[in-house]
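Okay, thanks everyone, I'll keep this short. Have a look at the model on the screen, and then I'll walk you through it.

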Amino acid sequence: MAGQDRIWTVPNALSVLRLLGVPLFLWLLLGPQEDGWAIVVFVVSGITDWLDGKIARWLDQG
């Protein structure tokens, strides 16, 4: 039970990383018109979304 009250876990770190990518995604999409890189950021975001859920379930950090 002691591990369930921790805030900084791997899944949470991936979520924070994903949130930090939102301004980058918007800047790439709306600013310099680098749509290819914006898609890469979007795909990485989707992968980290899947991965943090998988890791949270695996480590029982729901």
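So, contacts along the chain. If you take contacts between residues at least 6 apart in sequence, 56% of them join residues at least 24 apart. Keep in mind that this is a predicted model, by the way.

What is the chain built from? Two helices and zero strands. And how does the radius of gyration sit against the globule rule? For 62 residues the rule gives 11 Å, and the chain comes out at 14 Å, well over that, so it is more spread out than a compact globule.

Now burial and surface. Of the 62 residues, 21% count as buried. The accessible surface of the chain is about 4900 Å², and carbon and sulfur atoms account for 71% of that. As for charge, there are 4 positive and 6 negative side chains, with the centres of the two sets 9 Å apart.

Thr48 sits in helix H2. Why do I call Thr48 buried? Because its relative accessible area is 9%, and the cut-off for buried is under 20%. And which residues does Thr48 touch, once you leave aside its neighbours within four places in sequence? Those are Leu14 and Arg18. Helix H1 covers residues 10–30, if you want to find those two on the screen.

Next, the aromatics. How many aromatic pairs does the chain have? The count comes to one. That pair is Phe25 with Phe42, and the arrangement is tilted, with 5.8 Å centre to centre and 35 degrees between the planes. Why tilted? Because planes under 30 degrees apart would count as stacked and over 60 as edge-to-face, and this pair is at 35 degrees. The pair also links distant parts of the chain: Phe25 belongs to helix H1, Phe42 belongs to helix H2, which runs over residues 35–58, and the two are 17 residues apart.

Phe42 counts as exposed, with 55% relative accessibility.

On to the loop between H1 and H2. Gln33 is in that loop, and Gln33 has a positive phi of about 60 degrees although it is not a glycine. With a relative accessible area of 53%, Gln33 is exposed. Glu34 is in the loop between H1 and H2 as well. Glu34 is partly exposed, at 36% relative accessible area. If you go from Glu34 back to Gly21, which is 13 residues away along the chain, the C-alpha atoms are separated by 15 Å.

One more backbone spot before I stop. Where is Asp60? In the segment after H2. Asp60 has a positive phi too, about 55 degrees, and again it is not a glycine. The relative accessible area of Asp60 is 54%, so Asp60 is exposed.

Note on methods:
Residues numbered from 1 in each chain as written. Predicted model: local features only at pLDDT ≥ 70, side-chain atom pairs only at ≥ 80, totals over all residues. Heavy atoms only, no water. Phe/Tyr/Trp six-rings, centres within 6.5 Å; stacked < 30°, edge-to-face > 60°. Helix = DSSP H or I, 4+ residues; strand = E, 2+ residues; numbered from the N terminus. Buried < 20%, exposed > 50% of the residue type's maximum accessible area, 1.4 Å probe, protein only. Rg over C-alpha atoms; globule rule 2.2 N^0.38 Å. Contact = heavy atoms within 4.5 Å. Areas by Shrake-Rupley, 256 points an atom, 1.4 Å probe, with all protein chains shown as cover. Lys, Arg positive; Asp, Glu negative; His and termini not counted. Charge placed at Lys NZ, Arg CZ, Asp CG, Glu CD.
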